[in-house]
Amino acid sequence: TAAPDESKRILIVEDYEGNVVILSYILDQMGLEFDVAQNGVEALQKWSSDNYGLILMDIQMPQMDGFTATGKIRETEKDKQLIETPIIGMTAHALIGDKQKCLDAGMNAYVPKPINENDLREEIRKLLNISEA
């Protein structure tokens, strides 16, 4: 018997309920399980106590932004020699240089908001190695 595939569990880090609903819908449609964290602090807590295949990281959040949270995750992974969790950065303020900032912060990909469903699905599939159903 195969254990549930933990590598396909997603952590949504997003403080705006409307976006959580959209992301939940997309992940449900893809048959992926997920948890939600409202900010970077909560994201770090959930990430350190659970196993996620991917993190969808909002950039602008109260308490701790996505860049800081990503940095802390990458630091911990390095210290504990963990496999790197793929992180997709999401931001509504799609400024020139945002994508580079996300990548510099240690994120693997970047999706501007409002989220384009197809772009997001494609990035998730790429990072989780899921073939299109």
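Student: Which residues is Met107 in contact with, leaving aside its neighbours within four places in sequence?

Tutor: Contact means heavy atoms within 4.5 Å, and on that reading Met107 touches Met57, Ile59, Gly66, Phe67, Thr70, Arg74, Ile87, Gly89 and Cys102. This is a predicted model, in which local features need pLDDT of at least 70 and side-chain atom pairs count only at pLDDT 80 or more, while totals for chains, interfaces and linings use all residues. Residues are numbered from 1 along each chain as its sequence is written, and side-chain values use heavy atoms, with hydrogens and water left out.

Student: Which residues of the largest nonpolar core touch the most other members?

Tutor: A nonpolar core is a set of buried Ala, Val, Leu, Ile, Met, Phe, Trp, Tyr and Cys residues joined through side-chain atoms within 4.5 Å, where buried means under 20% relative accessible area with a 1.4 Å probe, protein chains only. Here the largest such core has 18 residues, and Leu11, Val13, Ile55, Met57, Ile73, Ile87 and Met107 touch the most other members. Apart from it lies another core, of 17 residues, among them Leu56, Ile88, Val111 and Leu120.

Student: In what order do the strands form the sheet, and why is one side of β2 and of β5 left without a neighbour?

Tutor: Strands are DSSP runs (E, at least two residues), numbered from the N terminus, and two of them pair if DSSP finds at least two bridges between them. In this model 5 strands form an open sheet with parallel pairing, in the order β2-β1-β3-β4-β5. Because β2 (34–37) and β5 (109–112) stand at the edges with a single partner strand each, one side of each has no neighbour in the sheet. Strand β4 (residues 87–91) pairs with β5 over 4 bridges, and Thr91 has Pro112 of β5 as its bridge partner.

How values were computed:
Buried means under 20% relative accessible area, exposed over 50%, partly exposed in between (1.4 Å probe, protein chains only).
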